Amino acid sequence: MSQPRLSFKEMCAKFDVTPRTLRYYEYIELLQPEREGRTRYYGPREIARMTLILRGRKFGYPLEEIRQWLLIYEKEGTVAQMRAWITMADRQLTELAEQRAQLEEAMQELKRLRDDTADELHRREG
């Protein structure tokens, strides 16, 4: 049984990315699809890498730091790279915690304003 491969169009659909994004990830060598003529095919390695790239983007990592993830994920990372990645992860966790706190505060403020407005509306309609 052969390994599953996706075409360029299938990769875009599977990961909900634009062709431009996918081409860019190839251009900066985060992805290296197999080529048969002008057609690109993405095997299990590229599919796994794309999953990690998008996860990193979701966590707010810049692409250069994601490149470090990919090296470590493929077991090519040095001990120094692994230490650096842990430091990056700790920094990003702090950043995400701060963003969460700011979001919670904004939600509480909006809820208070909404409740005050609802109370005022109820009083006026009363």
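This section describes the helices, the sheet, the nonpolar core and the aromatic contacts of a predicted model.

Local features were taken at pLDDT of at least 70 and side-chain atom pairs at pLDDT 80 or more, whereas totals for chains, interfaces and linings use all residues. Residues are numbered from 1 along each chain as its sequence is written, and side-chain values use heavy atoms, without hydrogens and water.

Secondary structure was assigned from DSSP runs: helices are H or I runs of at least four residues, strands are E runs of at least two, and both are numbered from the N terminus. Burial follows relative accessible area with a 1.4 Å probe and protein chains only: buried is under 20%, exposed is over 50%, and partly exposed lies in between.

Helix α1 buries Phe-8, Met-11, Cys-12 and Phe-15. Viewed down the axis of α1, these buried residues fall within an arc of 100°, so they line one face of the helix. The arc is that of the directions from the helix axis to the C-beta atoms. The face turned away from the buried side of α1 carries the exposed residues Lys-9, Ala-13 and Lys-14. An α-helix has 3.6 residues a turn, so residues three or four places apart point the same way. The buried residues of α1 pack against β1, α2, β3 and α3; contact means heavy atoms within 4.5 Å. Asp-16 follows α1 and has a positive phi, near 55°.

In helix α2, the buried residues are Leu-22, Tyr-25 and Glu-26. Seen down the axis of α2, they too fall within an arc of 100°, so they line one face of the helix. Exposed Arg-20 and Tyr-27 are on the face of α2 turned away from its buried side. The packing partners of the buried α2 residues are α1, β2 (34–36), β3 (39–42), α3 and α4. Just after α2, Glu-29 takes a positive phi of about 65°.

The largest nonpolar core has 23 residues. Such a core is a set of buried Ala, Val, Leu, Ile, Met, Phe, Trp, Tyr and Cys residues joined through side-chain atoms within 4.5 Å. Met-11, Leu-22, Tyr-25, Leu-30, Met-50, Ile-53 and Leu-63 touch the most other members. Helices α1 (8–15), α2 (19–27), α3, α4 and α5 each supply at least two residues of this core. In soluble globular proteins, nonpolar side chains tend to be buried together. Leaving aside residues up to four places away in sequence, Tyr-25 touches Leu-30, Leu-31, Met-50, Ile-53, Leu-54, Arg-57 and Leu-63.

Glu-46 sits in helix α3 (residues 44–58). Its relative accessibility is 4%, so Glu-46 counts as buried. Apart from residues up to four places away in sequence, Glu-46 touches Met-11, Leu-30, Leu-31, Gln-32 and Pro-33.

Three strands form an open sheet in the order β1-β3-β2, with antiparallel pairing. β1 (6–7) and β2 are the edge strands, each with a single partner, so one side of each is left without a neighbour in the sheet. Two strands pair if DSSP finds at least two bridges between them. β2 and β3 pair in the antiparallel sense over three bridges. Arg-35 has Arg-40, in β3, as its bridge partner.

Aromatic rings of Phe, Tyr and Trp (its six-membered ring) pair if their centres lie within 6.5 Å; planes under 30 degrees apart count as stacked, over 60 as edge-to-face and the rest as tilted. The count comes to four aromatic pairs. Phe-59 and Trp-69 have ring centres 6.2 Å apart and planes at 55°, so the pair is tilted. Phe-59 lies in the loop between α3 and α4 (63–73) and Trp-69 in helix α4, so the pair ties together parts that are 10 residues apart in sequence. Phe-59 is partly exposed, at 33% relative accessibility, whereas Trp-69 is buried, at 9%. The ring centres of Trp-69 and Trp-85 are 5.8 Å apart and their planes stand at 65°, so this pair is edge-to-face. It links distant parts of the chain, with Trp-69 in helix α4 and Trp-85 in helix α5 (residues 79–125), 16 residues apart. Trp-85 is partly exposed, with a relative accessible area of 26%. Ring pairs link Phe-59, Tyr-61, Trp-69 and Trp-85 into a cluster.

Charges also sit over rings, defined by NZ of Lys or CZ of Arg within 6 Å of the ring centre and within 35 degrees of the ring normal. Arg-5 lies over the face of Tyr-41, at 4.0 Å from the ring centre. Lys-14 lies over the face of Phe-15, at 5.6 Å from the ring centre.
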